[in-house]
Amino acid sequence: MGHVHIIRDFASPQEGFNRTVRIYTPHGYEHAPQHRFPVLYMHDGQNVFAHPESALFDTWCANLVLESMVGEGHSEPWIIVAVDSGPGRMEEYTPWKEPRGVGNVRGRGDAYARFVVETLKPYVDRVYRTRQGPEWTGIMGSSLGGLMSLYLGWKHPEVFGRIGALSPSVMWNEYKLFQQWTAHSRSWSRIYLDAGAEEWINPGGYPMPYGEATRDFHAHLKRLGYAEHELALVLEPGGQHHERDWQRRLPLAMRWLLA
């Protein structure tokens with residue numbers, strides 16, 4: 001079993017407050033002092049690990065999934081860095097303002113993205129034995145965390161080559177990510193997308209058709225020149241917008257994304 005270390009007051013100068021960061025090191029990390037490990041960054045850190053100090057409701061159990069993959073020979077060990085969301089999660093995970101139907105949300109996602117790239121990742125690379133480069137650095141999240149994963153992968157392809165977006169909110173701000181992502185990054189890329197085939201929510205009268213929008217974004221990336229080996233799309237029949245569904249699909253997502 002690996003170890004989850006929790007840092008409760010990790011400063012985010014870009015955002016002006018402290019965050020909780022949970023860092024999983026795989027089994028054997030302490031006993032392989034010459035080995036360097038790839039790193040997967042994940043949002044909503046309180047929901048990521050099977051751990052007594054995680055959220056009380058269903059978590060993704062990412063540490064157990066990874067340990068099973070390693071044990072079965074489907075992946076090498078990875079470090080997982082999970083960042084807890086704060087009290088303003090909707091604004092933190094949205095790079096653009098959304099004035100319609102969901103409370104006139106201000107977009108503060110760019111500050112969060114800068115925290116991950118400028119502060120958190122340099123700390124992890126300094127303190128832990130990491131393997132750097134986009135091929136060895138992933139970013140993953142669900143819903144608005146999926147949107148932020150895609151945003152970070154689009155804005156910083158030199159940093160994040162592996163992008164996992166489960167039920168990503170790509171329809172945010174009138175599908176603005178489609179408008180911004182207009183070319184292949186020409187960097188090493190591996191992008192996993194999924195949603196329930198008919199997944200749909202309607203917060204505050206703002207319809208969010210996750211299944212349809214995720215399928216359309218996959219088609220959009222293909223039109224930009226992303227090849228079949230760079231993309232994966234899973235549309236799960238009956239899949240809903242819930243932690244249990246993301247937990248259920250996580251083994252498939254991680255097996256494709258990290259292999």
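Predicted model: local features only at pLDDT ≥ 70, side-chain atom pairs only at ≥ 80, totals over all residues.
Asp 194 belongs to strand 7 (residues 190–196) and Arg 249 to helix 7 (residues 243–258), so that the contact ties together parts lying 55 residues apart in sequence. Both partners fall under the 20% limit used for buried residues: Asp 194 has a relative accessible area of 0%, and Arg 249 one of 4%. The two residues also take part in a network of salt bridges, in which Asp 194, Glu 236, Asp 245, Arg 248 and Arg 249 are linked.

The structure as a whole holds 15 salt bridges, among them one between Glu 92 and Arg 19, whose closest N and O atoms are 2.9 Å apart. Because Glu 92 lies in helix 2 (residues 89–92) and Arg 19 in strand 2, this pair ties together parts that are 73 residues apart in sequence. Glu 92 and Arg 19 are both buried. A further salt bridge joins the side chains of Glu 228 and Lys 222, again with an N to O distance of 2.8 Å; here Glu 228 is exposed, at a relative accessible area of 54%, while Lys 222 is partly exposed, at 38%.

Helix 4, which covers residues 144–155, has twelve residues and reaches 16 Å from its first C-alpha to its last, close to the 16 Å expected at 1.5 Å a residue. This helix is mostly covered, ten of its twelve residues being buried. The buried residues include the leucines Leu 144, Leu 147, Leu 150 and Leu 152, together with Gly 145, Gly 146 and Gly 153; Met 148, Ser 149 and Tyr 151 are likewise buried.

The largest pocket holds about 170 Å³ of space. Its lining is made up of Met 1, His 3, His 5, Ile 23, Thr 25, Pro 26, His 27, Gly 28, Tyr 29, Glu 30, His 31 and Tyr 128.

How values were computed
Residues numbered from 1 in each chain as written. Heavy atoms only, no water. 1 Å grid on protein atoms, 1.4 Å probe; cavity = no way out; pocket = protein on both sides within 12 Å on 5 of 7 lines; lining within 4 Å. Points joined across faces, edges and corners; volume = space filled by probe spheres on them. Helix = DSSP H or I, 4+ residues; strand = E, 2+ residues; numbered from the N terminus. Expected span 1.5 Å × (residues − 1). Buried < 20%, exposed > 50% of the residue type's maximum accessible area, 1.4 Å probe, protein only. Salt bridge = Lys/Arg side-chain N within 4 Å of Asp/Glu carboxyl O.
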